[in-house]
Amino acid sequence: MLYCDCPLGAALPDIPAFSCPDNFGQVQKLAFQRLEKTAGTANTMTAETITKLATWTPLLSAKDGTKVVVTPYIYEPTVEAGAALTYGGGNATPGGIVEILGSESTPFTASFKKLPQEIIKAMKALMCEAGQIGVFLINGNGQIACDKTGENLHGFPVWSLFIGDKTIGGLEAPDSNAITWNFMPNWSDNFTIVKPEFNPLTQLVPAATPGVGG
């Protein structure tokens, strides 16, 4: 829902100046982590620790709530911001003026191509974590997008996570599996891009699973 202070401030809020454009580009991999390592204790990193491979490496093999899992490359990613939630129009409101109540959630959609279904089956377990799991987005430049609370960095909360069954592409397309979820309204208000000292596309690799092809 739209939240506005009441009463309003004495003047309009300042719009900060900027010198660098903010453009994340194509998402190529995803890193999931629970929002909380234990009940009431958040999983977070700092602006310094998130850039270091030494921070991430133990998380990939962790056996507790700090564990991070990284997906294979994704294809056809789209993130289209939710539309305005409205009320009224016509005879429902004075003058037929539509009221803005807030915004819809933001859907994320992508697909995996030609993956062994053992990998898909393993990732489907993440659907049970929806609402308590966060995602870090990794782009083609090796940058990581994350959420920010105060000085703490963490994954964007993920809701309604779905990983689909195999779609057989036939003669004109490769086989694929869909992945979709929703971000809550205002999910990108604290969107933060960091440039690690390593390449997360190649150096954050899933743990090898015996018997599963690449």
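I call a residue buried under 20% relative accessible area, exposed over 50% and partly exposed in between, using a 1.4 Å probe and protein chains only. I am looking at a predicted model, where local features need pLDDT of at least 70, side-chain atom pairs count only at pLDDT 80 or more, and totals for chains, interfaces and linings use all residues. Residues are numbered from 1 along each chain as its sequence is written, and side-chain values use heavy atoms, with hydrogens and water left out.

**Entry 1: A42**

I started with A42, which counts as partly exposed because its relative accessibility is 41%. I found A42 in strand β3, residues 41-42; strands here are DSSP runs of E with at least two residues, helices are runs of H or I with at least four, and both are numbered from the N terminus. Leaving aside neighbours within four places in sequence, I see A42 in contact (heavy atoms within 4.5 Å) with L35, E36 and K37. I also checked A42 against E76: they are 34 residues apart in sequence and 31 Å apart in space, C-alpha to C-alpha.

**Entry 2: N43**

Is N43 buried or exposed? I find N43 buried, because its relative accessible area is 5%. N43 sits in the loop between β3 and α1. Next I looked for polar contacts, meaning pairs of N or O atoms within 3.5 Å; within protein, one atom must be able to donate a hydrogen and the other to accept it, and residues adjacent in sequence count only if both atoms are side-chain atoms. A polar atom of the N43 side chain lies 2.8 Å from the backbone oxygen of R34, and the N43 side chain reaches the backbone oxygen of G65 at 2.9 Å. Beyond four places in sequence, the contacts of N43 include Q33, T66, L153 and H154.

Which residues of helix α1 (residues 53-60) are buried? I noted W56, L59 and L60. Seen down the axis of α1, these fall within an arc of 100°, so they line one face of the helix; the arc is that of the directions from the helix axis to the C-beta atoms. I traced their packing to β1, β4 (68-70), β9 (133-139) and β10 (144-149).

For α2, I listed I119, I120 and M123 as buried. They cover an arc of only 100° around the axis, which puts them on the same side of α2. On the other side of α2, I see K121 and A122 exposed. The buried residues of α2 pack against β8, β12 and β13 (176-183).

**Entry 3: backbone checks**

I looked up K114 and found its phi near 55°, a positive value in a residue other than glycine. K114 lies in the loop between β8 (106-113) and α2 (117-124), and K114 is exposed, with a relative accessible area of 63%.

S160 also has phi near 55°, again positive in a residue other than glycine. I placed S160 in strand β12, residues 156-163, where S160 counts as exposed at 52% relative accessibility.

Where is P7 found? I located P7 in the segment before β1 (27-34). The peptide bond from C6 to P7 is cis, with omega near 0°.

**Entry 4: I100**

Last, I looked at I100, which is in strand β7, residues 98-103. I100 counts as partly exposed because its relative accessibility is 49%.
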